[in-house]
Amino acid sequence: MEIGSIFLSGVITIQVVTLNVWGLPNFFFKDLSPNRNGRIAAICKTLHQEIKKPKGWDVVLIQEAGVKDNRDQLKSCGFKHSIDLEDDSLAIDSGLMILSRYPLDPESIDRHRYSVGGAFTKALSDGEYLVN
């Protein structure tokens, strides 16, 4: 987890957090993210706590929320605004999401693809191969 503040021209400071929730879906008979649902519930509890703080997290950047039900759960954890960067063209998505206290403009988001996707021989243990 990375926590940082961004100072914008002396006007405002925002708290930005990035969370890799390790929420890959099961792949055939392989559990890629053991205890995924419990972890998402614990993260959601923390998100609820942070949004209640006047100086809590303003923007949360989420990776590997690869299961739709988990993404829906994260969207309902107190942050009013969200953008889900789910890509329906992929069998398993990267699960990128943005949660924010402040309104977001979905049209301003430009998703860039990473061209190197991990090793095929590690497809069941290396999420990079699956979500490129």
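This is a predicted model: local features need pLDDT of at least 70, side-chain atom pairs count only at pLDDT 80 or more; totals for chains, interfaces and linings use all residues.

Student: What is the torsion about the S-S bond of Cys44 and Cys77?
Tutor: The torsion is about -115 degrees, so the disulfide is left-handed. Residues are numbered from 1 along each chain as its sequence is written, and side-chain values use heavy atoms, with hydrogens and water left out.

Student: How many disulfides does the structure hold?
Tutor: One. In Cys44 and Cys77, S to S is 1.7 Å. The cut-off for calling a disulfide is a pair of cysteine sulfur atoms within 2.5 Å.

Student: Which parts does the pair tie together?
Tutor: In the disulfide joining Cys44 to Cys77, Cys44 lies in helix α1 (residues 36-52) and Cys77 in the loop between α2 (68-75) and β4 (81-84), so the tied parts are 33 residues apart in sequence. Helices (H or I, at least four residues) and strands (E, at least two) are DSSP runs, numbered from the N terminus.

Student: Are Cys44 and Cys77 buried or exposed?
Tutor: Cys44 is buried at 8% relative accessible area. Cys77 is buried too, at 0%. Buried means under 20% relative accessible area, exposed over 50%, and partly exposed in between (1.4 Å probe, protein chains only).

Student: What does Cys44 touch?
Tutor: Leaving aside residues up to four places away in sequence, Cys44 touches Gln73 and Cys77. Contact here means heavy atoms within 4.5 Å.

Student: Now the helices. At what angle do the axes of α1 and α2 cross?
Tutor: They cross at roughly 15 degrees and come within 9 Å. The axes are lines fitted to C-alpha atoms, for helices over the stretch in contact, with angles from 0 to 180 degrees between N-to-C directions. α1 and α2 are therefore roughly parallel to each other.

Student: Is the crossing left-handed or right-handed?
Tutor: α1 passes α2 in a right-handed crossing. A crossing is right-handed if the near helix is turned clockwise from the far one by less than a right angle, and left-handed if anticlockwise.

Student: Which residues make the contact?
Tutor: From α1: Arg36, Asn37, Ile40, Ala41, Ile43, Cys44 and Leu47. From α2: Asn70, Gln73 and Leu74. By class, that gives six nonpolar, three polar and one charged residues. Ala, Val, Leu, Ile, Met, Phe, Trp, Tyr, Cys and Pro count as nonpolar, Asp, Glu, Lys and Arg as charged, and the others, Gly among them, as polar.

Student: Back to Arg36. Is it buried or exposed?
Tutor: Arg36 is buried, with a relative accessible area of 14%. Not counting residues up to four places away in sequence, Arg36 touches Trp22, Gly23, Leu24, Pro25, Asn26, Val67 and Asn70.

Student: Backbone next. Which residues other than glycine have a positive phi?
Tutor: Asn35 has a phi of about 60 degrees, and Glu64 has one near 60 degrees. For context, most residues other than glycine have a negative phi.

Student: Where are Asn35 and Glu64 found?
Tutor: Asn35 sits in the loop between β2 (12-23) and α1, and counts as exposed at 58% relative accessibility. Glu64 is in strand β3, and counts as buried at 16%.

Student: What about Asp58: buried or exposed?
Tutor: Buried, at 5% relative accessibility. Asp58 is in the loop between α1 and β3 (59-65). Beyond residues up to four places away in sequence, Asp58 touches Thr13, Ile14, Gln15, Phe79, Leu99, Ser100, Arg101 and Tyr102.

Student: Zooming out, what pattern does the protein follow along the sequence?
Tutor: β-β-α-β-α-β-β-α. That comes to three helices and five strands. Buried residues make up 39% of the 132 residues. Of contacts with a separation of 6 or more, 52% come from residues 24 or more positions apart.

Methods: Angles under 35 degrees count as roughly parallel, over 145 as roughly antiparallel, 65 to 115 as roughly perpendicular and the rest as oblique.
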